[in-house]
Amino acid sequence: MCSIIGYYGKGFAAPILVKGLKRMEYRGYDSVGVATESNNQIELKKGIGKVNEVNSKIHLDTLPGKIGIGHTRWATHGKVTDFNAHPHSSNSGKIAIVHNGIIENFEELKKQLEEEGYNFKSETDSEIIANLLQKHYEKTGDVKETILKTVSEIKGHYAFVAMFENGQLAAARFHEPLIIGIGQDDFFLSSDVLGFIEFTDDAIYLENGTFVILEKDKFQILDFDGEHAKYGITKVSKEFGDAYKGDYAHFTLKEIYEQPETILKAGEKSQEAIEKTVDYIRHSKNIYVTGSGTSYNSALIAKQILSKYAKIRVDPIIASELQFAPDSIEENSIIIAISQSGESADVLEAIKIGKQANCKIIAIVNLLTSSLAREADVVIGMNCGPEIGVAATKSFSAQLVILYKIVQKLSNNKITINFEKFAESIVETLENTTKIQMIAGKLKEISDVYILGRGINHPIAIEAALKLKELTYIHAEGIAGGELKHGPLALMDTNVFVIIFNPNDSTYADTLTSAREIKARGAKIIGVSDIESDVYDYWIKIPKINQVLYPISEIIPVQLLSYYAALEKDTDPDYPRNLAKSVTVK
Ligand code: F6R
């Protein structure tokens, strides 16, 4: 998703901004740009591609000046072109802006501005902000009044940073993240603490509906009525600054290999929050679990394990769907919101609906300073360290471990889990990848993969399909085993591969029968199981373990398979095309 950044200080802005943008690359983007101010003049450079590529072509980091703004764009309005990349300057060239979010009334505002004589160079909604600012600044000559007038006219979700030719920097936030970093001699503005973490760990999380004006050695934070707004300085975790690949070829591979540690550490620092959650669940009639993508797949697992082991019914809800059925939430219930980033706009919107229904919000989140963590009543930390690869891997395992810990307590320890032993068995899986790499080679020319699982293995089939899609761009579909004969069997022929999740649980015999039916139609079968069978063309062995843990032990080999297939197909496993790590727009 778009990342915005700003710098105001004593160092040269451009190299600092480029470095910050590079650190936020994991959020996903398609183009990049920087603008700086020096001697009351704004200079701007931008282009499509990765930060390093664009920088080596047009040298973003050589722009002069000690004040600047930067951006990585993830296209929403208008194609991926140099013109649509940010920053955008106003018609006079005296103001430049970077923006994250969506301006919903941009067409109306653009028409209005065009009638007043303004021209637009891009197809973006963002460019209207630059010209609106110019219009108001020319009238008022005052940055505060200019921002107030502008935010009163634009509708939607946004965070933007505006740089004025006289060297003033201002930034406003409305439902998109914006953080101020307070350095020794400088100020930073950023969508993510990674934008400035190597310079300072003192941060101010701007409240919704506020803006900041930076001037020499001082700043003022105001609300959209122009009144001084309250703020606090938070120490942010330096841990998230230590995001290096080490000896691994990619972050994704590193994060897959970190999972034995993830299993041991997930929720470790949140014992009290887990107790509180258990208490809330015991005393609530309705429990909803929400999330997007992989985090929603965890919600599907939550439903299965809570009903099986604790006899508690929970309703999983896709976060983006809740807005279309807000009445499905009973008053005074509990919503467990799962999100690695804590910044997914859909999840934030879902909890907003929950709060309106007076629900308690429990967040299972990796980033403890995120918007979700700050909005929730109870926060359980995944504690799995930074996840930079766009595809969720270790955060999924962390989410499941936390859910197991909750279920363990709810079942009065009827289920016992030895996480140490489990982590050791995962090490074994990770040490034996030759076969997985060989199978990945077979997927290179394949365009369709179907993935089958019953019971608790069905959400894992859905999650496995998501991993394959994201990392390899192969069409993949998770299917509930019993549904095979109700349609998908028609797709089975010699051109497809089918992954069968078939552990030694109550689903085993039925799923083996499905495998035989598929094999009879000529498809190739990859069996993921702790029991070998002649029906599998390729067998991926998983450890013989406590049944409840099968989901994690099944998904890890498919994460690896997807990773190695991505290498075979020459796609970038860390940054899949069109995707963003932090989906901050609806
Ligand atoms: C899948 C993936 C996405 C995220 C989804 C939610 O590999 O990365 O589907 O799971 O965008 O993100 P969070 O958990 O940050 O809310």
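Analyst: About 1,000 Å² is buried between domain 1 and domain 2, and carbon and sulfur atoms give 62% of it. Buried area here is the accessible area (1.4 Å probe) that two parts lose on being put together, summed over both. On the side of domain 1 that touches domain 2, the residues divide into six nonpolar, two polar and two charged. In this scheme, Ala, Val, Leu, Ile, Met, Phe, Trp, Tyr, Cys and Pro count as nonpolar, Asp, Glu, Lys and Arg count as charged, and the others, Gly among them, count as polar.

This is a predicted model: local features need pLDDT of at least 70, side-chain atom pairs count only at pLDDT 80 or more, and totals for chains, interfaces and linings use all residues. Residues are numbered from 1 along each chain as its sequence is written, and side-chain values use heavy atoms, with hydrogens and water left out.

Now the layout. The protein is divided into domain 1 (3–241), domain 2 (246–416) and domain 3 (431–573). Those bounds come from an automatic or database domain assignment. The centres of domain 1 and domain 2, taken over C-alpha atoms, are 32 Å apart. Domain 1 gives 10 residues to the contact and domain 2 gives 13. Contact means heavy atoms within 4.5 Å.

What about charges and polar atoms across the interface? Between domain 1 and domain 2 the count of salt bridges is zero. A salt bridge is a side-chain nitrogen of Lys or Arg within 4 Å of a carboxyl oxygen of Asp or Glu. One residue pair is in polar contact across the interface, both at pLDDT 80 or more. A polar contact is a pair of N or O atoms within 3.5 Å; within protein, one must be able to donate a hydrogen and the other to accept it, and residues adjacent in sequence count only if both atoms are side-chain atoms.

Next, Asp574. It lies in the segment after α17 (550–568). Helices (H or I, at least four residues) and strands (E, at least two) are DSSP runs, numbered from the N terminus. Asp574 counts as buried because its relative accessible area is 3%; the class buried means under 20%, exposed over 50%, and partly exposed in between (1.4 Å probe, protein chains only). The side chain of Asp574 makes a polar contact with the side chain of Thr252 at 2.6 Å. A polar atom of the Asp574 side chain also lies 2.9 Å from the backbone nitrogen of Phe251. Not counting residues up to four places away in sequence, Asp574 touches Lys245, His250, Phe251, Thr252, Gly389 and Val390.

Glu37 is in strand β2 (residues 31–38). With a relative accessible area of 8%, Glu37 is buried. Its side chain reaches the backbone nitrogen of Asn40 at 2.9 Å. Beyond neighbours within four places in sequence, the contacts of Glu37 include Pro64, Met163 and Phe164.

Last, some loops. Lys311 sits between α9 (293–310) and β16 (315–318). Its phi is near 55 degrees, a positive value in a residue other than glycine. Lys311 is exposed, at 69% relative accessibility. Tyr473 lies in the loop between α15 (457–472) and β21 (475–480). Tyr473 is not a glycine, yet has a positive phi of about 65 degrees. Tyr473 is partly exposed, with a relative accessible area of 27%. Pro87 is in the loop between β4 (67–73) and β5 (88–89). The peptide bond from His86 to Pro87 is cis, with omega near 0 degrees.
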